[in-house]
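Have a look at the sequence and the structure, then read on.

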Amino acid sequence: MNLYQINKIPFKEKKTLVQEACLMYKKIKTSAAMIRERGETLSEATRKKSLDNFKGLSIFETVMGLLNQEEYLIIKNEFLSSTDSLWYLDKWSKTTYYKIKHKAVDQFIYLL
């Protein structure tokens, strides 16, 4: 999918795609942390496929690393963290924030 095709998708749908990707990432990270905390053993097959056994980054983490600083901050604060809904006012005006947010969502989907 190229940027032209991504731009044709309504923003509401793009936002939902990013929310779903972030939710899935958070669930995977939370599940892995809970298993480690409980000291549960995993079957050998599951252990071999575990995300924690990979030395590299997940696709999600790679995409987040490819975003510029502003885009990263927006995706992190809007979709991964439960921060104040007006967190951006210290950094940008409302109109500037929404322009950057649309660009960040488009870039995230393009890289994913």
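## Starting point: Glu 71

Where is the place of Glu 71? Glu 71 sits in helix 5, which covers residues 69-80. Bear in mind that what you're looking at is a predicted model.

Is Glu 71 buried or exposed? Its relative accessibility is 5%, so Glu 71 counts as buried, since the cut-off is under 20%. Ignoring neighbours within four places in sequence, Glu 71 is in contact with Lys 103, Ala 104 and Gln 107.

## Overall layout and confidence

Of its 112 residues, 26% are buried. Take the contacts between residues at least 6 apart in sequence: 65% of them join residues at least 24 apart. The exposed surface comes to about 8100 Å², with carbon and sulfur atoms supplying 56% of it.

## The nonpolar core

Which residues have the most contacts inside the largest nonpolar core? They are Val 18, Phe 60, Ile 74, Ile 75, Trp 92 and Phe 108, in a core of 21 residues. Helix 2 (11-38), helix 4 (59-66), helix 5 and helix 6 are the elements giving two or more residues to this core. Helix 6 gives the most, with 6 residues.

Not counting residues up to four places away in sequence, Phe 108 touches Val 18, Ala 21, Phe 60, Val 63, Met 64, Leu 67 and Ile 75.

Which residues of helix 4 are buried? They are Phe 60, Val 63 and Met 64. Looking down the axis of helix 4, you'd find its buried residues within an arc of 100°, so they line one face of the helix. That goes with how an α-helix is built: it has 3.6 residues a turn, so residues three or four places apart point the same way. On the other side of helix 4, Ile 59, Gly 65 and Leu 66 are exposed.

## Aromatic pairs

How many aromatic pairs does the count come to? The count comes to 9 aromatic pairs. One of them joins Phe 60 and Phe 108 edge-to-face, at 5.7 Å centre to centre and 65° between the planes. Phe 60 belongs to helix 4 and Phe 108 to helix 6, so this pair ties together parts that are 48 residues apart in sequence. Phe 60 is buried at a relative accessible area of 8%, and Phe 108 is buried too, at 1%.

Trp 87 and Trp 92 also form an edge-to-face pair, with 5.9 Å centre to centre and 75° between the planes. Both of these Trp residues are buried. Trp 87 and Trp 92 are part of one aromatic cluster with Tyr 88, Tyr 97 and Tyr 98.

## Back to helix 5: Asn 77

Asn 77 is found in helix 5. Asn 77 is buried, with a relative accessible area of 11%. Leaving out neighbours within four places in sequence, Asn 77 is in contact with Thr 83 and Trp 87.

Terms used
Residues numbered from 1 in each chain as written. Predicted model: local features only at pLDDT ≥ 70, side-chain atom pairs only at ≥ 80, totals over all residues. Heavy atoms only, no water. Helix = DSSP H or I, 4+ residues; strand = E, 2+ residues; numbered from the N terminus. Buried < 20%, exposed > 50% of the residue type's maximum accessible area, 1.4 Å probe, protein only. Contact = heavy atoms within 4.5 Å. Core = buried A, V, L, I, M, F, W, Y, C linked by side-chain atoms within 4.5 Å. Areas by Shrake-Rupley, 256 points an atom, 1.4 Å probe, with all protein chains shown as cover. Arc of directions from axis to C-beta. Phe/Tyr/Trp six-rings, centres within 6.5 Å; stacked < 30°, edge-to-face > 60°.
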